[in-house]
Amino acid sequence: MRNKFGYSALLLVLLLNGCGGFSVWPFGGGTKAEADSYKPENSTEYLCDAGKKFYVRTIDNGAAVWLILPDREVALNKAVSSQSSMHYSNGITTLDITGSDATLDLNPTSSLKGCKQAQAPKK
């Protein structure tokens, strides 16, 4: 008798989960809308060509930045700077920021070009 109840409860949960209005997964849906709406606190969003984006958070009073990508986060130390631009690198990844424009070289074969600082929504 007890086994039948267990199987019935499991079947009910699986059926409800298949309806789409109910989920037993406790860690969020992982939908594109959730990923698109995520913005790390105290960071600047950059939108690049081909719909790519990343976030930059200044740390250590400007001596470094925390680069936040969809698949990883890395710290970049300030390399060379002038009054008009800032360069950050960790030896593999390089971020160049000039005004509201940025170029991100992730490695020797991959880079994000045409990146612009996202505008804050108007209220």
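Strands in this tour are DSSP runs of E with at least two residues, and helices are runs of H or I with at least four residues, both numbered from the N terminus. The model is predicted, so local features are reported at pLDDT of at least 70 and side-chain atom pairs at pLDDT 80 or more, whereas totals for chains, interfaces and linings use all residues. Residues are numbered from 1 along each chain as its sequence is written, and side-chain values use heavy atoms, with hydrogens and water left out.

**Stop 1: the loop at Asp49**

Select Asp49, which sits in the loop between β1 (44-47) and β2 (53-59). Which residues does Asp49 contact, leaving aside its neighbours within four places in sequence? They are Lys113 and Gly114, where contact means heavy atoms within 4.5 Å. The C-alpha atoms of Asp49 and Gly114 are 5.5 Å apart, although 65 residues separate the two along the chain.

**Stop 2: the disulfide**

Next, select Cys48 and Cys115. A disulfide is taken as a pair of cysteine sulfur atoms within 2.5 Å, and the whole structure contains 1. Its sulfur atoms, those of Cys48 and Cys115, are 2.0 Å apart. The angle about the S-S bond is 105 degrees, and the link is right-handed. Distant parts of the chain are linked here: Cys48 belongs to the loop between β1 and β2, and Cys115 to strand β8, 67 residues away. For accessibility, buried means under 20% relative accessible area, exposed means over 50%, and partly exposed lies in between (1.4 Å probe, protein chains only). Cys48 is buried at 9%, and Cys115 is buried at 1%.

**Stop 3**

Now display the strands as a cartoon. Two strands count as paired if DSSP finds at least two bridges between them. The 8 strands form a closed barrel in the order β1-β2-β3-β4-β5-β6-β7-β8, with antiparallel pairing. On average, neighbouring strands of this sheet are turned by 30 degrees against each other, direction ignored; the axes are lines fitted to C-alpha atoms (for helices, over the stretch in contact), and angles between N-to-C directions run from 0 to 180 degrees. Leu67 has Val74 in β4 as its bridge partner.

**Stop 4: the aromatic pair**

Select Tyr46 and Phe54. Rings of Phe, Tyr and Trp (its six-membered ring) pair if their centres lie within 6.5 Å; planes under 30 degrees apart are stacked, over 60 edge-to-face, and the rest tilted. By this rule there is 1 aromatic pair. The ring centres of Tyr46 and Phe54 are 5.3 Å apart and the planes meet at 15 degrees, so the pair is stacked. Tyr46 is buried, with 4% relative accessibility, and Phe54 is buried as well, at 0%.

**Stop 5: the salt bridges**

A salt bridge requires a side-chain nitrogen of Lys or Arg within 4 Å of a carboxyl oxygen of Asp or Glu; the structure holds 4. One of them joins Asp101 and Lys116, at 2.8 Å from N to O. Because Asp101 lies in strand β7 (residues 101-107) and Lys116 in strand β8 (residues 110-117), this pair ties together parts 15 residues apart in sequence. Asp101 is partly exposed at 32%, and Lys116 is partly exposed at 46%.

Move to Lys113, whose salt bridge with Asp105 has its closest N and O atoms 3.9 Å apart. Lys113 is partly exposed at 45%, and Asp105 is partly exposed at 26%.

Finally, select Asp71 and Arg72, whose side chains form a salt bridge of 3.0 Å, N to O. Is Asp71 buried or exposed? Asp71 is exposed, with 59% relative accessible area, whereas Arg72 is partly exposed at 36%.
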